[in-house]
Each structure stands twice: as C-alpha cells, then as structure tokens.
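Student: Can we go through this structure together? I keep meeting labels, and I'd like to see what stands behind them.

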Amino acid sequence: MIAEVLPCMVDEGRYLAPTCEEMAEDLRAELDRMNRDIAEREAARSTLQSILAVDPRTQAHAST
C-alpha cells in the first residue's frame with residue numbers, strides 16, 4: 001500500500017498532499033466511507049444512550 005501511495009504524495013510541510021488525481025479520488029472515496037461509518041456509529045450510540053437513559057422504575061409506573 002505504501003509503495004502505491006507514496007509516488008503520488010508530496011510533502012507540504014506538516015502534511016502529505018496527493019499529486020495524482022486518481023489517488024485524490026480514492027482518498028475522497030475513503031473519507032466518504034469513513035464519514036458514513038462514523039454517522040452510523042453515532043446514530044447507534046445515540047439510540048443506545050436513549051435506551052439506557054430510560055429509568056425502568058418510572059416506566060413501570062407510567063404504564064399503570
């Protein structure tokens with residue numbers, strides 16, 4: 001992987017920057033995939049937090 005990526009990168013000081021458009025497209029696609037994964041995990045976390053935030057003792061009284 002390093003041998004594939006390295007020829008298409010240039011040192012821009014603190015960061016490496018892609019110089020090959022194909023590599024930049026691949027990196028954008030990977031970033032999109034990662035962002036979707038993060039969004040899905042955040043939604044799952046929010047759902048779990050909501051479930052765990054419910055106090056079963058108050059829910060038992062609410063249903064009677």
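**Labels and the values behind them**

Tutor: Let's start with Leu52, which sits in helix α2, running over residues 21–53. Keep in mind that this is a predicted model.

Student: Okay, why is Leu52 called exposed?

Tutor: Its relative accessible area is 70%. Exposed means over 50%, so Leu52 gets that label.

Student: What makes Leu48, Ile51 and Leu52 a nonpolar patch?

Tutor: Patch residues need over 30% relative accessible area and no salt bridge, and nonpolar side chains are joined within 5 Å. Leu48, Ile51 and Leu52 form such a patch on the surface, and together they have about 350 Å² of accessible area.

Student: How do you know how confident the predictor is?

Tutor: Look at pLDDT, which runs from 0 to 100. The protein averages 82, and 86% of the residues score at least 70. Among the elements, α2 has the highest mean, 92, while helix α3 (residues 56–62) has the lowest, 64.

Student: How much of the protein is buried?

Tutor: Buried residues make up 6% of the 64 residues. The label needs a relative accessible area under 20%.

Student: Now the charges. Which residues make up the patch of negative charge?

Tutor: Glu4, Glu22, Glu25 and Asp26 gather there, on the surface. Asp and Glu count as negative. Helix α2 gives the most to this patch, with three residues.

Student: Why is Glu25 called partly exposed?

Tutor: Glu25, which has its place in α2, comes out at 46% relative accessibility. Buried is under 20% and exposed is over 50%, with partly exposed in between. So 46% makes Glu25 partly exposed.

Student: What about salt bridges? How many are there?

Tutor: The structure holds three. In general, side chains of opposite charge can pair when their charged atoms come close.

Student: What makes Glu21 and Arg28 a salt bridge?

Tutor: The cut-off is within 4 Å, from a side-chain nitrogen of Lys or Arg to a carboxyl oxygen of Asp or Glu. For Glu21 and Arg28, the closest N and O atoms are 3.2 Å apart, so the pair meets the cut-off of 4 Å. Glu21, at 47%, counts as partly exposed, and Arg28, at 46%, counts as partly exposed too.

Student: How do you know that Arg33 and Glu30 form a salt bridge?

Tutor: Their closest N and O atoms are 2.6 Å apart, and the cut-off is within 4 Å, so they qualify. Both lie in α2, three residues apart, which is about one turn of the helix. Arg33 is partly exposed at 40%, and so is Glu30 at 34%.

Student: And Asp37 with Arg41: why is one called partly exposed and the other exposed?

Tutor: Asp37 has a relative accessible area of 28%, so it is partly exposed. Arg41 is at 58%, and over 50% means exposed. The two form a salt bridge, with closest N and O atoms 3.1 Å apart. They are four residues apart in α2, so about one helical turn separates them.

Terms used. Residues are numbered from 1 along each chain as its sequence is written. This is a predicted model: local features need pLDDT of at least 70, side-chain atom pairs count only at pLDDT 80 or more; totals for chains, interfaces and linings use all residues. Side-chain values use heavy atoms; hydrogens and water are left out. Patches are made of residues with over 30% relative accessible area and no salt bridge: like charges are joined within 9 Å, nonpolar side chains (Val, Leu, Ile, Met, Phe, Trp, Tyr) within 5 Å. Accessible areas come from the Shrake-Rupley method with a 1.4 Å probe; for residues, only the protein chains shown count as cover. Helices (H or I, at least four residues) and strands (E, at least two) are DSSP runs, numbered from the N terminus. Buried means under 20% relative accessible area, exposed over 50%, partly exposed in between (1.4 Å probe, protein chains only). The place of a charge is taken as NZ of Lys, CZ of Arg, CG of Asp or CD of Glu.
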